[in-house]
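Here are my notes on the model, point by point. Have the coordinates open while you read.

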Amino acid sequence: MDWDDIVYLSLLFFSIGFGSVFRKIKDKCMKRNVATFLGTVIILIASGIHFWHPLLFTLANILIIKGLHKRIIHTVSFVFSFLYLIFFRNTILFGIPYPPSHLNLIQMLMTLKLVGLAFELHDTSKGIESGKNDPEFEITKITEPSLSDIFHYSFCYIGILTGPYYSYRMYLDMLNTPFVKYVNCWDHTLERMKMVPLYAVLFLIFTSCFSFDYVLTDEFYTDRSVWYRLWYILPVFVQFRMRMYIGMRLSEAVLIMSGLGVYPAVTAPLPGKGPSKEQEQISLISKDEEKVKNAEYSFRAVHNIEPYGAEFDYTVRQSMKHWNMTVQYWLAAYVYKRFPLKTYRVAVTFMISAIWHGMYAGYYCCLCSVPFYLPIEDIYFKNLKDLKVSPLVSWIWFMIAYWWRMLLMGYWGMAFRLLTLSASFKFWTSVYFIPTFITLVMYAVSFIIFPNKNKRKSKENNTVVEITKKTD
């Protein structure tokens, strides 16, 4: 572990520990100022002389949000922020040294927060203009933030290093609702952290026994068989997942210990979204001291990963839903649902995700492979889900599907970790693109074993196209 990682982990653990002090600050303005001061210090430590990146980025978004019409601020902020992210990762082309890797994570989170804020303001303005007044709108709408409000939200220490993403509405709720006074943050934190020692042990075991660095050696390609290389995907994928679980659980702990993201359980909060039903209960409970004391609370709004679902769901689609859930909410709410061409929504969403992750070709090889596979997976699982078979056959089918999903995600994950196009294709070529070819065979075979259903689906699609043309 190098010095930068030691500093990074120290800042992360400090953020977790400071939450117990932060929650006790009663004055709202003092609380906000302390959070911003600590966030600024953390960014300065992580970025050094490159501090001007998050500062310039935030000021530019403030100008966009405060200076442009609400009808366009979300679009302008989105385009500017992702273009800046691309510039940030290619500064060497402009004669500017590369920023530290830890600042990259900070910049990624700031991008989500400030673009998300622009969308929240746009949606609030649009809802008010149309006379919208349903409970969900009332709890998600926001007041016009001042310049300092935007800066405070952007530089708040909570989640500044690793996330999870939280909306401006959640940030305001942390400052204005009384729930944190009566929720036991320690219990919720320990509940989320109880499996971390196991993840750490598994990570150390698999890292020491199946080093990822071995994939970078000539010996791996010259002395090992194709089947060994294909099998090696699985243990290195385990160590990758364990590292993800540890990091995301620690990042959740920062938010939980600070009291951000707590809502009455009756509102059924969802990751990234917040309360999903009975939103009026937030106001009703907040006004009654007795209800505040006796309410059951949930931090589900800031839960970012569910290892059980990620490990044991046997489809790629379902397994992915348990990874980086708050970021997935952001992508679904601000990219997928708003992209005008429905046919390309999934592909565009994964492309934006790849851009957000970085400029390395491996990210694109990994993330942009998924949209091509999901329709094939859907064909099989939608057609076979109602098939009645014996428990033994069902168990065999589950095991085949489970290990295939693990192998396929690990196969994509190798490109994600190898980063460069040459390294990714060197590995994929060394295993003869076997998972890719199996996927293509699955698609071809589907027309043989599900001919009537595929024809009916094609006919339904043609009917929709004809109706659309007539409507136009």
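**Notes on the predicted model**

1. Let's start with a loop. Leu-419 sits in the loop between helix H21 (391-418) and helix H22 (421-430); helices here are DSSP runs of H or I with at least four residues, and strands are E runs of at least two, numbered from the N terminus. Phi of Leu-419 is near 75°, a positive value in a residue other than glycine. Leu-419 is partly exposed, at a relative accessible area of 23% (buried is under 20%, exposed over 50%, partly exposed in between, with a 1.4 Å probe and protein chains only).

2. Before going on, the ground rules. This is a predicted model, where local features need pLDDT of at least 70 and side-chain atom pairs count only at pLDDT 80 or more, while totals for chains, interfaces and linings use all residues. Residues are numbered from 1 along each chain as its sequence is written, and side-chain values use heavy atoms, with hydrogens and water left out.

3. Tyr-432 also deserves a look. Its place is the loop between H22 and helix H23 (434-449), and its phi, near 55°, is positive although the residue is not glycine. Tyr-432 is exposed, with a relative accessible area of 56%. For background, most residues other than glycine have a negative phi, and most peptide bonds are trans.

4. Which two residues does a cis peptide bond join? Gly-163 and Pro-164, with omega about 0°. Pro-164 belongs to the loop between helix H7 (147-155) and H8.

5. Gly-163 turns up again in the lining of the largest cavity, along with Leu-12, Ser-15, Tyr-157, Gly-159, Ile-160, Leu-161, Thr-162 and Val-254. On a 1 Å grid over the protein atoms alone, a cavity is a set of points where a 1.4 Å probe fits but cannot get out, a pocket is an open set with protein on both sides within 12 Å along at least five of seven lines, and lining residues have an atom within 4 Å of a point. This cavity holds about 40 Å³ of space; grid points are joined across faces, edges and corners, and a volume is the space filled by probe spheres set on the points. Its lining has 5 nonpolar, 4 polar and no charged residues (Ala, Val, Leu, Ile, Met, Phe, Trp, Tyr, Cys and Pro count as nonpolar, Asp, Glu, Lys and Arg as charged, and the others, Gly among them, as polar).

6. There are 2 cavities of 30 Å³ or more. The second largest cavity has a volume of about 30 Å³, and its lining residues are Met-170, Asp-173, Met-174, Thr-177, Gly-259, Gly-261, Val-262 and Tyr-263. Helix H8 (residues 168-176) gives the most to that lining, with 3 residues. By class, the lining splits into 4 nonpolar, 3 polar and 1 charged.

7. Of its 18 lining residues, Ser-369, Phe-372, Tyr-373, Thr-436 and Thr-439 are the closest to its centre. Helix H20 (370-384), H21, H22 and H23 each supply at least two residues of the lining, which divides into 15 nonpolar, 3 polar and no charged.

8. Ser-369 is also one of the contacts of Tyr-364, and if you leave aside neighbours within four places in sequence, the others are Met-351, Ala-354, Ile-355, Gly-358 and Met-359 (contact means heavy atoms within 4.5 Å). Tyr-364 lies in helix H19 (residues 361-367), and Ala-354 is in helix H18 (residues 345-357). Is Ala-354 buried or exposed? Buried, with a relative accessible area of 0%.

9. Now a helix pair. The axes of helix H3 (residues 52-67) and helix H5 (residues 101-129) come within 11 Å and cross at roughly 5°. That makes H3 roughly parallel to H5 (under 35 degrees is roughly parallel, over 145 roughly antiparallel, 65 to 115 roughly perpendicular and the rest oblique). Axes are lines fitted to C-alpha atoms, for helices over the stretch in contact, and angles run from 0 to 180 degrees between N-to-C directions. The contact residues divide into 9 nonpolar, 5 polar and no charged.

10. For the other pair, helix H9 (residues 185-193) and helix H12 (residues 226-258) pack at an angle of about 175°, with axes 9 Å apart. That makes H9 roughly antiparallel to H12. Their contact includes Trp-186 and Arg-192 of H9 and Arg-249 and Glu-252 of H12, and its residues divide into 7 nonpolar, 2 polar and 3 charged.
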